[in-house]
Amino acid sequence: MIGAIETPKLSLGTIDLLLRDRDRMLIKIRTGNVTEILRTMTVTIMVAMAIVGAALGSYRGGEQIFYAAIKLPLVLLGTAALSAPALTAIGTALGRRSRLAVDLALVMSALAFGALIVVAFTPLIMLGRTLDASYHEMILGTVAVFAIGGLAALGMIIRAMSIEAGRGWRTAVATMCLVFVMVGGQLSWALRPYLVRPKAQEVVFVREVEGSLFDAVVGAVRSARGIYHRDHAPVPDEVSP
Amino acid sequence: MTVATLPRPLDPTRLALAAAGPIAVGAVLALRAGDVSPLAATPAIVFGIAAATCPALYIAIAATKHGPSLAEVARALAASFGAFGIALAGLVLPALFISVSSTANLTTAVVCSVVLGGAAMIAMVRLATELAPKSFGGVVVCIVWAIATLGIAGRLWLDLAAEVLL
């Protein structure tokens, strides 16, 4: 029975292992079939994030449901593609054996775990829509849900690195967290919007390239300090959808 | 020296990455600035500062109690350079993505600085691990040398980034 759990033949078994026993999942990543894990996690992320995206898009309705359902999986898969090589490079630089496939499987599994956590909150997103929660309440709720999912994913990566306890693993984890946050934040920023006001006349797949998430945070801090770069606040005609 | 304590052979791939990494970061900066000077200036800063300060590290650490030999210091510096190159190889792609997906020059400057600084910190950690100073004096030498080297290189880099971007 234990053997059956350790070497699941079906993809659903791997997802079940990921949810129930992440320490054994980490052992499976190091010793198991990496290709099967990668395939399973890719499908998990795509399906879970498509569901969450559709739920967020339903706040506006129409084509935004499809737009958000397409974009959210791309955010997580793109983050994995850009972050996993960094994890491998940092680990190798600190003296660990180079192993891109295992690191990619670890990052994908962690993101899949985060995606599953987020998708578990989908009923609450739908509840907010049903109760006609305001746009800003929905935004705050969505940020909270994704923060929980993101922390869960980071926690799994930190756990994996701490179990391995290779040379300089704390430095590797700190750098990885920085890359994860910067890449994931910028990619989600570049592909926004996901949640659109119900009264918005038009929706766009992605907004035009503009200042980064970093610039937005800097701008928000400046605004909070009363430093503005415009003469007046935007009037309704100037507000973008 | 027994076979077990012989230093590991140098990896040419890592050293090649160490040579190419600063050029790649300079290319990200040059792409944003529309100015090719960072392509040459970035590796010049990295290797120039390293060439200027590495002899000082050997002299100072050799003068401490249980100081490592010249060969051990050279191997440690080579391993550190290799770590710098590998780290840059992994971080350049995220930096390029963040830079091209933003319209602000400040973002590129900050991201390139973080990438170079992060890789340099990893290289310093690797250097400390390889040297493994056995005396308090050796630890102090390593820390002071790291602060001086990173400080000089950081100042020159920030001047370059400000000149071409800001």
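**Before you start**

This is a predicted model: local features need pLDDT of at least 70, side-chain atom pairs count only at pLDDT 80 or more, and totals for chains, interfaces and linings use all residues. Residues are numbered from 1 along each chain as its sequence is written, while chains are lettered from A and ligands numbered from 1 in the order in which they are written.

**Stop 1: chain A**

Select chain A and colour by secondary structure. Chain A has ten helices and zero strands. Helices here are DSSP runs of H or I with at least four residues, strands are runs of E with at least two, and both are numbered from the N terminus.

Now colour by burial. Of the 241 residues in chain A, 40% are buried. A residue is buried if 20 or more other C-beta atoms lie within 10 Å of its own, exposed if 12 or fewer, and partly exposed in between, with C-beta atoms placed from the backbone.

Look at contacts next. Two residues are in contact if their C-beta atoms, placed from the backbone, lie within 7 Å. Among the contacts in chain A with a separation of 6 or more, 73% are between residues 24 or more positions apart.

**Stop 2: α3 and α6 of chain A**

Select residues 22–31 and 100–120 of chain A: these are α3(A) and α6(A). Their axes are 9 Å apart, and the helices pack at an angle of about 150°. That makes α3(A) roughly antiparallel to α6(A). (Angles under 35 degrees count as roughly parallel, over 145 as roughly antiparallel, 65 to 115 as roughly perpendicular and the rest as oblique. Axes are lines fitted to C-alpha atoms, for helices over the stretch in contact, and angles run from 0 to 180 degrees between N-to-C directions.)

Show the side chains. From α3(A), A:Met25, A:Ile29 and A:Arg30 meet A:Val102, A:Ala105, A:Leu106 and A:Ser109 of α6(A). By class, this contact of α3(A) with α6(A) has five nonpolar, one polar and one charged residues. (Ala, Val, Leu, Ile, Met, Phe, Trp, Tyr, Cys and Pro count as nonpolar, Asp, Glu, Lys and Arg as charged, and the others, Gly among them, as polar.)

**Stop 3: α4 and α5 of chain B**

Move to chain B and select residues 105–131 and 136–165, which are α4(B) and α5(B). Their axes come within 11 Å and cross at roughly 160°. That makes α4(B) roughly antiparallel to α5(B). The residues of the contact of α4(B) with α5(B) divide into 14 nonpolar, three polar and no charged. Among those in α5(B) are B:Trp157 and B:Leu158.

**Stop 4: where the chains meet**

Show both chains. Here 25 residues of chain A are in contact with 22 residues of chain B. On the chain A side, α5 (63–93), α9 (169–190) and α10 (213–224) each give two or more residues. Which element gives the largest share of that side? It is α5(A), with eight residues. The residues of the side of chain A that touches chain B divide into 13 nonpolar, nine polar and three charged.

The contact includes A:Leu82 and A:Pro85 of α5(A), and B:Pro94 and B:Phe97 of α3(B). Its residues divide into 14 nonpolar, three polar and no charged.

**Stop 5: the core**

The largest nonpolar core has 118 residues. Such a core is a set of buried Ala, Val, Leu, Ile, Met, Phe, Trp, Tyr and Cys residues joined through C-beta atoms within 7 Å. Its largest share, 16 residues, comes from α3(B).

Select B:Ala87 and B:Leu88, the residues with the most contacts inside this core. Leaving out residues up to four places away in sequence, B:Ala87 touches A:Ala89, A:Ile90, A:Ala93, B:Gly118, B:Ala119 and B:Ile122.

**Stop 6**

- Select A:Arg192 and A:Pro193. A cis peptide bond joins them, with omega about 10°. A:Pro193 lies in the loop between α9 and α10 of chain A.
- Select A:Asp132, in the loop between α7 (122–130) and α8 (135–164) of chain A. Its phi is positive, about 55°, although A:Asp132 is not a glycine. A:Asp132 is exposed, with 10 other C-beta atoms within 10 Å.
- Select B:His66, in the loop between α2 (37–62) and α3 (70–100) of chain B. Phi of B:His66 is also positive, near 55°. Buried or exposed? B:His66 counts as exposed, with 10 C-beta neighbours inside 10 Å.
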